Amino acid sequence: MRSKFGAVAMMMALAGTAFAATINPVPAATQLKLAEGYTDVKTGDMTLRIVKAHVGSPDASAFDTFTVYVLPRKAGESWLQATVPGQKGLGYNLRTYETADANVQSIAFYQQGGQLYAVQAARPSGGAEVNLAKAHVDIKVFKFNRDWDVPKFDNEGAMTTKGSFHDAADALPGEFFTH
């Protein structure tokens, strides 16, 4: 019985589905202001390049992607891509999702104590069908691991907003980043 539990826990950890703890809001001053294109961020002995790109579509929905690279120490060395937990294992970027009616998912980054975090706020539907009524928003935090061999964002914690929001993007300054 014990080995089955260990195997299930290991599979959940590898799939990125488990979160370590309930997280608390952080000061607004820690939020990074990302430029269109790319923003370089220093964390530990690494320089990360967060590339923000917009993807349009013909059907009134669009999204921004946030892909994170670890820049090499010297010219000519490989860039490393930092992965994130995805629905089917690893994901290669974080993304917003907007419909004509609402912002369904929003992404932000912050630094605290020299550590880089990514934050994802998502309406419960999480998909293209959006109920226009206000709803509680699920917020997940991912912590960058600073590992040169396997750079990735690990699940750090989660919370659900106390208030209800039409747009997921409003939940971040509304309840996660405090003033």
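View 1. At 17% relative accessibility, lysine 52 counts as buried, because buried here means under 20% relative accessible area, exposed means over 50%, and partly exposed is in between (1.4 Å probe, protein chains only). This is a predicted model, so local features need pLDDT of at least 70 and side-chain atom pairs count only at pLDDT 80 or more, while totals for chains, interfaces and linings use all residues. Residues are numbered from 1 along each chain as its sequence is written, and side-chain values use heavy atoms, with hydrogens and water left out. Lysine 52 forms a salt bridge with glutamate 36, with the closest N and O atoms 3.1 Å apart. The two sit in distant parts of the chain, 16 residues apart: lysine 52 is in strand 3 (residues 46-55), and glutamate 36 is in the loop between strand 1 (26-27) and strand 2 (37-43). Strands (E, at least two residues) are DSSP runs, numbered from the N terminus. Glutamate 36 counts as exposed, at 60% relative accessibility.

**View 2. Arginine 49 and its two neighbours.** Here a salt bridge joins the side chains of arginine 49 and aspartate 40, at 2.7 Å from N to O. Salt bridge means a side-chain nitrogen of Lys or Arg within 4 Å of a carboxyl oxygen of Asp or Glu, and by this rule the count comes to 5. Arginine 49 is buried, with a relative accessible area of 17%, whereas aspartate 40 is partly exposed at 37%. Arginine 49 also lies over the face of tyrosine 38, 4.0 Å from the ring centre. For a charge to sit over a ring, NZ of Lys or CZ of Arg must be within 6 Å of the ring centre and within 35 degrees of the ring normal.

**View 3. Another charge over a ring.** The charged end of arginine 73 sits over the ring of tryptophan 148, 4.0 Å from its centre.

**View 4. Two rings, edge-to-face.** Which kind of pair do tyrosine 110 and phenylalanine 177 make? Their ring centres are 5.9 Å apart and their planes are at 85°, so the pair is edge-to-face. Rings of Phe, Tyr and Trp (its six-membered ring) pair if their centres lie within 6.5 Å; planes under 30 degrees apart count as stacked, over 60 as edge-to-face and the rest as tilted. Tyrosine 110 lies in strand 10 (residues 103-112) and phenylalanine 177 in strand 14 (residues 177-178), so the pair ties together parts that are 67 residues apart in sequence. Tyrosine 110 counts as buried at 4% relative accessibility, and phenylalanine 177 is buried too, at 2%. The structure holds 8 aromatic pairs.

**View 5. Phenylalanine 144 in the largest nonpolar core.** This core has 18 residues, and Phe144 is one of those with the most contacts inside it, along with others including Leu48, Val68 and Phe153. A nonpolar core is a set of buried Ala, Val, Leu, Ile, Met, Phe, Trp, Tyr and Cys residues joined through side-chain atoms within 4.5 Å. A second, separate core of 17 residues includes Tyr110, Tyr117, Ile139 and Val141. Back at phenylalanine 144, the residues it touches include Met46, Leu48, Val70 and Leu116, where contact means heavy atoms within 4.5 Å. Ring pairs also link Phe144 with Phe66, Phe109 and Phe153 into a cluster.

Terms used: Helices (H or I, at least four residues) and strands (E, at least two) are DSSP runs, numbered from the N terminus. Lists of a residue's contacts leave out its neighbours within four places in sequence.
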